[in-house]
Structure formats: C-alpha cells, structure tokens
Amino acid sequence: MSTLITLEGLDGSGKSTVCESLQSTLPEATFTCEPTNSWYGDLVAESTHNNDADSLAELFLFTADHADHLSRVIRPSLASGTTVISDRYADSRYAYQAATLEGSCIDAPLEYIQSVHEPFSRRPDATVYLDIDPETAVTRAGATNKFERAQYLERVATQYERLIAAEPSRFHRVDATESIADVRETVTMIVETVLDDKKSSELNDK
Ligand code: TYD
C-alpha cells in the first residue's frame, strides 16, 4: 500500500514531537522531513538563517530539496509499498514562500508556487494540519530563524487556510494548543483511519 501522509503547521505546532511518537506506532513506515538532511537541505538551512537571502532564490532552493527528496526517498519508498510520513512537504512552500513572496514581482505567489510543483510533485493522500495561533507558535518555537516571527507566521497561517479551504478532504485539522498527549492521540487516530480507508479502497478496487 503506497500512502503519503504529510504533517504541516506553523513552527512550534509540535510536528516533530508528533512524528516521533508516530514512529513507535508505525515502525514499518518511512519517516522523513523537509527540509531534508541532504546537501540540498544544508543549502536551505544556510538560506533560512540569512536575513538577506533572496526570497525567489530561496523558493527554488526549497523546491530543489523537494525534487531530490521525491526521487531519492519518497518515490522509491512508495514504489516498494511503504507508507511515507513527511514532517513538512510541498504545502510548507505554498504557505511559507507564498507569504515571503507577497508584494514581490510574482503575482499570485501561492498559485505560482503550486504551478512550479505541479509537473513533478506527488500530492499527499492526507495532510494533518497542526493548528496553532501565531503568537503561541512564536512563544513555543522561540524564534530560531527568520520565519518564526508572529506577523510573518500570521501571513503563513492565512495561506494554510487558503490551502485547507481548497482541499478540505485532504486536510485533517488538529487543535495543537491541546496537551501534547491529546494531540499525539488525535493524530495517531487520524493516521490509522487514513491507512485503513486506503487499504479498504484498494481491496474494493481489486
Ligand atoms: P523545520 O526544519 O521544520 O524547522 P526547525 O527545524 O527550525 O524547527 O523548517 C525550517 C524552517 O523552514 C521552518 O521555519 C519552516 C520553513 N520552511 C519553508 O519556509 N518552506 C518550506 O518549504 C519548508 C519545508 C520549510
């Protein structure tokens, strides 16, 4: 069964903690993340810690990392029938870089970024959105890079809302201000349901 599930949310929403606990529930799945830990990911990290980085160049660094991630990790795992769970994926670009590119020479940045991904990316089967308000996100994340500022995260959250409104059946919204134990439990339930539903629909197709 080839299922791709992604986790999205503002910095500080608890994605990484949730991913860690999912790993013990689904030991056979491939757990991965964006930015990746490849040399493309290193370039991305260099850019995210540079306040003067060009926003458009940065979009393409993140997108290069995504292309490599797809060919090196995601597609091979899915092809071997393994479930893939990614901590951040293309929606992070649609939300974060659309916010960064607001007011730039790119008209309609969200749609532009989606059009860049469309020919080569793989749409997730389901996306868990850990919903947290920007103020709490900043308090929790502690502003370790230029993206983790309340006003900016406010604009990122607006872009995520547009994505959720456009594809309500793909997104599963979880209140990430609840206790971490509750968030973990809810996300685990959602992921198990998505995997069960996929299994049933594949059996029905046979
Ligand atoms: P992440 O590794 O989740 O953050 P950290 O390890 O610092 O908690 O992601 C790094 C930052 O990059 C985060 O602020 C979100 C941002 N980001 C984008 O702006 N675009 C993207 O496409 C991705 C994947 C992340």
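Which atom of the ligand does a polar side-chain atom of Q97 lie 2.7 Å from? It's a nitrogen atom. Keep in mind that this is a predicted model. The ligand takes up the space of the largest pocket, and 13 residues sit around it.

**Around the ligand**

- Of those 13 residues, the ones that come nearest are D11, R88, R93, Y96 and Q97.
- R93 puts a polar side-chain atom 2.7 Å from an oxygen atom of the ligand, and R88 has one at 2.9 Å from a ligand oxygen atom.
- On its own the ligand would expose 540 Å², and the protein buries 77% of that.
- Sorted by type, the shell has six charged residues, four nonpolar ones and three polar ones.
- Helix α4, running over residues 90–100, is the top contributor to the shell, with four residues.

- You'll find Q97 in helix α4, the helix that gives the most to the shell around the ligand.
- Q97 has a relative accessibility of 3%, so it counts as buried, the cut-off being under 20%.
- For a sense of distance, Q97 and L130 are 33 residues apart in sequence, and their C-alpha atoms are 19 Å apart in space.

- R88 sits in the loop between β3 (84–87) and α4.
- Its phi is positive, at about 75°, even though R88 isn't a glycine.
- With 10% relative accessibility, R88 falls under the 20% cut-off and therefore counts as buried.
- D87 lies in strand β3.
- D87 is buried too, because its relative accessible area is 10% and the cut-off is under 20%.
- The D87 side chain makes a polar contact with the side chain of S16, at 3.2 Å.

- A108 has a positive phi near 45°, and A108 isn't a glycine.
- Look for A108 in the loop between α4 and α5 (109–117).
- A108 has a relative accessibility of 42%, which lies between 20% and 50%, so A108 counts as partly exposed.
- The peptide bond joining E34 and P35 is cis, with omega at about -5°.
- P35 is part of the loop between β2 (30–33) and α2 (39–48).

**Over in helix α2**

- L43 belongs to helix α2.
- L43 and G14 are 29 residues apart along the chain, with 24 Å between their C-alpha atoms.

How values were computed:
Residues numbered from 1 in each chain as written. Predicted model: local features only at pLDDT ≥ 70, side-chain atom pairs only at ≥ 80, totals over all residues. Heavy atoms only, no water. Near = heavy atom within 4 Å. Polar contact = N/O pair within 3.5 Å; in protein donor to acceptor, adjacent residues only side chain to side chain. Areas by Shrake-Rupley, 256 points an atom, 1.4 Å probe, with all protein chains shown as cover. 1 Å grid on protein atoms, 1.4 Å probe; cavity = no way out; pocket = protein on both sides within 12 Å on 5 of 7 lines; lining within 4 Å. Sits in = over half its atoms within 2 Å of the grid points. Helix = DSSP H or I, 4+ residues; strand = E, 2+ residues; numbered from the N terminus. Nonpolar A, V, L, I, M, F, W, Y, C, P; charged D, E, K, R; others polar. Buried < 20%, exposed > 50% of the residue type's maximum accessible area, 1.4 Å probe, protein only.
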